[in-house]
Amino acid sequence: MASKPLFIMLASGEHEKIQLAAMVASVAAVSDRPVQVFVTMNAILAFRREATKEERYHGGYFHAQFVTKNVPDAMELFEQGKMLGEMQMWACSLVLDLNHWDAGKDLVEGLFDGAAGLAKFLADAEAGDLITL
């Protein structure tokens with residue numbers, strides 16, 4: 001029996017939430033569960049192609065722990081999930097339009113499968129479980 005798809009809506013720009021989304025998505029994907037990640041609002045700022053690690057992340061106590069304890073980078077976890085499992089990532093078309101960005105040119109190379117609207121993502125998410133961070 002096929003696993004129920006997991007849909008993750010990532011809206012927060014906090015390092016802790018981005019990290020959790022990356023961990024959940026990659027573990028689910030490598031565990032043979034299809035995953036769809038929709039990146040929107042402040043979260044998309046962490047995925048800017050030109051951002052350094054210092055510019056990419058901000059947060060509280062665990063942000064500092066992730067940095068000082070050399071926890072695997074969230075972008076690397078998303079990459080591993082895509083490489084080793086069935087995972088797709090979508091950039092919010094509204095946020096891209098507001099910033100005059102292109103998912104293929106302005107966001108982390110190789111992570112995004114394209115742009116998507118919220119209505120389509122939510123319609124697709126009816127077929128599985130939805131997590132919002």
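Four salt bridges are found in this structure, which is a predicted model. One of them pairs K4 with D129, with 3.5 Å between the closest N and O atoms.

**Salt bridges**
- R33 also forms a salt bridge with D129, and here the closest N and O atoms are 2.5 Å apart.
- R33 lies in the loop between α1 and β2 (35-39) and D129 in strand β5, so this pair ties together parts that are 96 residues apart in sequence.
- K4 is partly exposed at 47% relative accessibility, as are D129 at 31% and R33 at 22%.
- K120 forms a salt bridge with D124, their closest N and O atoms being 2.7 Å apart.
- Both K120 and D124 belong to helix α7 (residues 118-125), where a spacing of four residues puts about one helical turn between them.
- K120 is exposed, with a relative accessible area of 51%, whereas D124 is partly exposed at 32%.
- Shared partners join K4, R33 and D129 into one salt-bridge network.

**The largest pocket**
- The largest pocket holds about 200 Å³ of space.
- Its lining has 13 residues, with H15, K53, Y57, F66 and V67 nearest the centre.
- Helices α1 (15-30), α2 (53-56) and α3 (61-68) each give at least two lining residues, and α3 has the largest share, with three.
- By type, the lining residues are six nonpolar, four polar and three charged.

**A nonpolar surface patch**
- V30, M83 and L84 make a nonpolar surface patch of about 330 Å².
- M83 is part of helix α4 (residues 74-84) and counts as exposed because its relative accessibility is 64%.

Technical notes:
Residues are numbered from 1 along each chain as its sequence is written. This is a predicted model: local features need pLDDT of at least 70, side-chain atom pairs count only at pLDDT 80 or more; totals for chains, interfaces and linings use all residues. Side-chain values use heavy atoms; hydrogens and water are left out. On a 1 Å grid over the protein atoms alone, a cavity is a set of points where a 1.4 Å probe fits but cannot get out, and a pocket is an open set with protein on both sides within 12 Å along at least five of seven lines; lining residues have an atom within 4 Å of a point. Grid points are joined across faces, edges and corners, and a volume is the space filled by probe spheres set on the points. Ala, Val, Leu, Ile, Met, Phe, Trp, Tyr, Cys and Pro count as nonpolar, Asp, Glu, Lys and Arg as charged, and the others, Gly among them, as polar. Patches are made of residues with over 30% relative accessible area and no salt bridge: like charges are joined within 9 Å, nonpolar side chains (Val, Leu, Ile, Met, Phe, Trp, Tyr) within 5 Å. Accessible areas come from the Shrake-Rupley method with a 1.4 Å probe; for residues, only the protein chains shown count as cover. A salt bridge is a side-chain nitrogen of Lys or Arg within 4 Å of a carboxyl oxygen of Asp or Glu. Buried means under 20% relative accessible area, exposed over 50%, partly exposed in between (1.4 Å probe, protein chains only).
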